[in-house]
Amino acid sequence: MTTLARFNSAHVPRRYLAAATFLLLLLCTSVEVWAHNVAEGDKGYIQEMSGVQILPYIYLGAKHMVTGYDHLLFLFGVIFFLYRLKDIGIYVTLFAIGHSTTLLFGVLTGISANAYLIDAIIGLSVVYKALDNLGAFQRWFGVQPNTKAATLVFGFFHGFGLATKILEFQIPQEGLVENLIAFNVGVEIGQLLALAGILVVMGYWRRTSSFMRHAFAANVIVMTAGFMLVGYQLAGYAVS
C-alpha cells in the first residue's frame, strides 16, 4: 500500500488547511456529528416498535452508516491509497466482518462498555489510519503494522460502539434477532452506498495533478478530525 513517507509539511497548501480546519470547527458545533450518536427521533422509533420490523431496521442501519462520520473517515483513510477493486473489497470485507461480529455479539449478550471510551478508541482508529497513510510508523519505529489485521480489529471496536448505544435504547426483545440482522444488513448497504460515493470522488481526484500535492494535507485533516473525536469523547467521559 502506498504511503506518503517521502512527503513533508512543505507540501501542505496553507489555504487548503485553513479551509479544512474551518470546516472541522463547524462540525464541532453539531452534536449529531459525533461517533454513534443516534437522533432522538430514531431512538423513540426503535423503542416504540415491536415484533419483526425488517424494512424499518434496514433503513435505520443504512442511515446510521451513511451519516456516521467516524465510519466514513475511517473508510476514507482505508481506501485512500487503494487503487484495485480487489484490494478495496478485501479491506471493506474485513471491516464489515469486525463491525458485524461485535454489533451482534454485544447486543445479544448484553455486554457493553462505557460509550465514551469506546468512541474515543474509534477516534483513534481514524488517527491510526491517517498516520499509516503518512508513513509515520515506518519513519518512527521502522516497522509497518499489518493493515489488514488493524482494519479487522478496529472494525470490532466500531461494531461494539454501536452495540453499546443500541443497548441504551432498550430495544424490544420480541423479534430481536431478526431486527438486529436487518439492522446489520442496513449498515452494510449504507457502507456500500457511502463507499461508492467516496470512490467516485476519489476516482476523479486521483486523475488530477492535485491529488499527490494535497494527499499529505488530506491525511493531516483526517488525523485532526480523529483527534477531535477522541478529545470530545474523553471530555464527555470526564464530566459524565
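This report describes helix packing, helix geometry and aromatic pairing in a predicted model.

Two packed helices are described by the angle between their axes and the distance between the axes. For helix H4 (residues 69-79) and helix H5 (residues 85-109), the axes come within 10 Å and cross at roughly 150 degrees. The crossing of these two helices, H4 and H5, is right-handed. The residues that meet at this contact are set out by helix below.

| Helix | Residues in the H4 and H5 contact |
|---|---|
| H4 | His71, Phe74, Leu75, Val78 and Ile79 |
| H5 | Ile88, Tyr91, Phe95 and His99 |

Sorted by class, the contact of H4 with H5 comprises seven nonpolar and two polar residues, with no charged residues.

Across the whole structure, a search finds 11 aromatic pairs. Among them is the edge-to-face pair of Phe74 and Phe154, with 6.0 Å centre to centre and 70 degrees between the planes. Because Phe74 lies in helix H4 and Phe154 in helix H8 (residues 147-168), this pair ties together parts that are 80 residues apart in sequence.

Helix H10 (residues 210-239) has 30 residues and should span 44 Å at 1.5 Å a residue; its end C-alpha atoms are 43 Å apart, which agrees.

Terms used: Residues numbered from 1 in each chain as written. Predicted model: local features only at pLDDT ≥ 70, side-chain atom pairs only at ≥ 80, totals over all residues. Heavy atoms only, no water. Axes fitted to C-alpha atoms, helices over the stretch in contact; angles between N-to-C directions. Helix = DSSP H or I, 4+ residues; strand = E, 2+ residues; numbered from the N terminus. Left-handed = near helix turned anticlockwise from the far one by under 90°. Contact = heavy atoms within 4.5 Å. Nonpolar A, V, L, I, M, F, W, Y, C, P; charged D, E, K, R; others polar. Expected span 1.5 Å × (residues − 1). Phe/Tyr/Trp six-rings, centres within 6.5 Å; stacked < 30°, edge-to-face > 60°.
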